[in-house]
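I set out to record what I looked up in this structure, entry by entry.

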Amino acid sequence: MPSTSSPLTDLRVLEVSGDRGDLCGRLLADLGADVLLVEPSSGAASRQRAPFASDGSSLYFAVRNANKRSAVFDLAAPLESADLDRFLTLISDTDVLIESWAPGAMSNLGLGPDVLLKVNPELIVVSLTDFGQTGPDRDLVSTDDVVFALSGWQALSGIPEKPPLLLPGAIASDVVGVIGAYAVLVALVHRARGGGGQHLDVSSLEAMAQMNTWGLASASDSLRRGSTPPTVRSGDSPMYPTFECADGKVRCVVMAPGQWRALWEWMGSPEAFEDEYWESYVNRLMNTDVINPLYAAHWADLPKIEGCQEAQRRGVVATPLLSPAEVLADEHYASRGTFATVEIAPGVEAKVVSGAFEIDRIRIGHRHRAPEIGEDSDLFDGPRFTLSSPLGKAKDLPLRGLHVADFGHGGVGVECARMLADYGADVVKIESHAYPDFIRIVMGGEMSAPFASSSRTKRCLGLNLKHSGATQVVEKLVAWADILIENNSTGTMDTLGIGWSDVRRLNPDAVMMSSQLMGSHGIQANWTGYGPTIQTAGGLSWLWAYDDGDGPPGSNAIHPDHLAGRIGAVGALAALIGRDRGAPGAHVEVAQVEALMMTLADQFLAEALEPGSVHPRGNTYPTGAPWGAFPCAGEENWAVICVRDDHDWVSLREAMGDPQWARDPLLVRTAQRIEARPEVEARIADWTKDLTRVEVQNICQAKGVPAGQVMFCVDQLEDPHLIERGFLVDLEQQGLGRVVMAGPCFTGSGMGPPACFQAPLIGEHSRRFCVQDLGMDPGLVDELVASGALEALDELP
């Protein structure tokens, strides 16, 4: 029977092995699904991905395939009739098929979605690829780093004096896996509402572009206003600066007036900065040449841990820059159970990241190690997965009729809610002029491009939650909602009377998704911050550095805000499915820092197994060379080239015209090229510098070498591939004008087009929502508006 901590019990998932998206099956398995990895006798391709343990086994595979089983099917070989029949019999007993092969590869084996859906009309087939099943770029040869280059992320990563910097880990593969898991859950709801089985198309490039700090919307809005979007890497953003301290570095972010006043007092209340002028974030941002040296002098003699503890106690956002070794030893993560010492291979135990989220304070994560090849002879048996939905039949969008109350702000909560809105949920955002979403007002007005992107397709209830008259609205709102979403500071919702105990009392069937910076429990549960401050506390900043020893350059990306929001959507929808299967309502909690750490789990495991072994990789890769970003013709134009093996090297030589230097027999093997990496990559740069980045991409791709231009968001606005796939959404937004923004994260063959309409103004739907949806008396609503508890722009018909 399903429980709140295992809502997907009895779900049968068949995962056809590939080399990307392993987290899709892992997340479903964490939530209780029986995930059977189908791999050839030589093993899944992801078993060959770095980093590796001392015995040569893949730690990438180990952390992303825990809780799964393994069976051997050599699907890539010419299938004998008996093998084909055996596989199709297995399909008839399967709920979900995950495949991450190249577009068309399954069809070429006679196992395309059309064939599989004829065998099992209720089957959900999710295809995880780098560029999607359609479009002119669908067949590009790729790596995670090529996707990173094409996604718009890399263009602003690093500093001007050095090449654009790659992100550590395997973010492109991980993100497509997270979105794949979310897509499966949406499709399960659709199937329960009569939608049947279908084929889901999930693109890593589009998932990454969605998560790029609202880059598309911001670039589009900049062009609309006649300004040029940034094209120069700035390292540490003026918004999120990092400062040297007595024993390392800290990131200190001061945005709100209260944060500034607290820091000003801590610095000794310097008279030169006592004027109200300095309370304005915009004014401080325009004077970073004066402000940041002031901050730097303050931090110079403070120890990083004790200094951050004091900062947080005073209400100042500051987090220490931690290495993986320091993260593993950190007292807060120990107090939360972030890591668990478990079996990671037969007879081998080590610390691993224990899971991405909690449900009712139960960690949803590691239960058993990743399987050995073919370890499980049993296929599927036991009870079948059943799900019925109280929402009734769904004609187009799976979540149509689902009620969501969005108490989020910034990036995490609002992105989680928008993921649900895209697929039909009725999302109502709660805010007021007294307490607006700070992303709404970040540009000084009441609408910004980032807010328009995150809060499109929502209604807005203008409700001052701190007003004494708000209670009667809140109680009806909680009773109305299926899902409540919040990412406020720890304890805020309890103070407002909307904590989990209140929600459970008012609506026992509700699901609540909460996301706090460091989690809602643990010795640093009360710490506050933003996405970039999580990067330092979670080990990413230390790893996101060049390999020359200069230390991390910093980043202006708000990662992992978008990632945590998407993991929150997975947890919330899984808990809702559990509720509809007979479990009670549940409280899903995503610690934002742990969402980030999940994508670096193999790095932490490598450090745990061999202390001191993990270092910033810069633009290198442990098993391939040449590898990285290479200069191209023009100003700040670059292309990423990834030579994975000796075959790629031969192909790259052909692409370059097989120059004499490349024929050196001492460069034939990967190990030799890694040893000679600086010299080889300097030669590659000599070749690329006279070519455009598009030419480098096309020449390499023609020879089968993974390569991609480092694209800016402004380039993506005119990208033929994204346009043909319908990913770019052109929206008329009140308060801004026409804005192009990132579109849906996946499409389904049985679903209608994702929903999309402009983001709301504060209080735009208050009266109609209170009267028509909550059933409140119109006279009472007018009284609440007059009292200031409610804000309303609308009138009743």
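I take buried to mean under 20% relative accessible area, exposed over 50% and partly exposed in between, with a 1.4 Å probe and protein chains only. Helices (H or I, at least four residues) and strands (E, at least two) are DSSP runs, numbered from the N terminus.

I note that this is a predicted model, in which local features need pLDDT of at least 70, side-chain atom pairs count only at pLDDT 80 or more, and totals for chains, interfaces and linings use all residues. Residues are numbered from 1 along each chain as its sequence is written, and side-chain values use heavy atoms, with hydrogens and water left out.

Entry: a covered helix. I looked up helix α16 (residues 412-422) and found 11 of its 11 residues buried. Among them are Glu-415, Arg-418 and Asp-422. Just after α16, Gly-424 takes a positive phi of about 110 degrees.

Entry: a covered strand. Which residues of strand β17 (residues 483-486) are buried? I found Ile-483 and Ile-485 buried on one side, and Leu-484 and Glu-486 on the other. I count two strands as paired if DSSP finds at least two bridges between them. Strand β14 (residues 403-406) pairs with β17 in the parallel sense over 3 bridges, and Ala-405 has Leu-484 as its bridge partner. Strand β18 (residues 511-514) runs parallel to β17 and is joined to it by 4 bridges; there Val-511 stands opposite Ile-483.

Entry: an open sheet. I read the order of its 7 strands as β3-β2-β1-β4-β5-β6-β25, with mixed pairing. At the edges, β3 (69-72) and β25 (746-748) each pair on one side only. Strands β1 (residues 12-16) and β4 (residues 96-99) are parallel over 4 bridges, with Glu-15 opposite Ile-98.

Entry: cavities. I define a cavity, on a 1 Å grid over the protein atoms alone, as a set of points where a 1.4 Å probe fits but cannot get out; lining residues have an atom within 4 Å of a point. Grid points are joined across faces, edges and corners, and a volume is the space filled by probe spheres set on the points. The whole structure holds 9 cavities of 30 Å³ or more. Of its 20 lining residues, the closest to the centre are Arg-26, Val-63, Arg-64, Val-353 and Ala-601. Helix α1 (22-30) gives the largest share of this lining, 4 residues.

Key:
1 Å grid on protein atoms, 1.4 Å probe; cavity = no way out; pocket = protein on both sides within 12 Å on 5 of 7 lines; lining within 4 Å.
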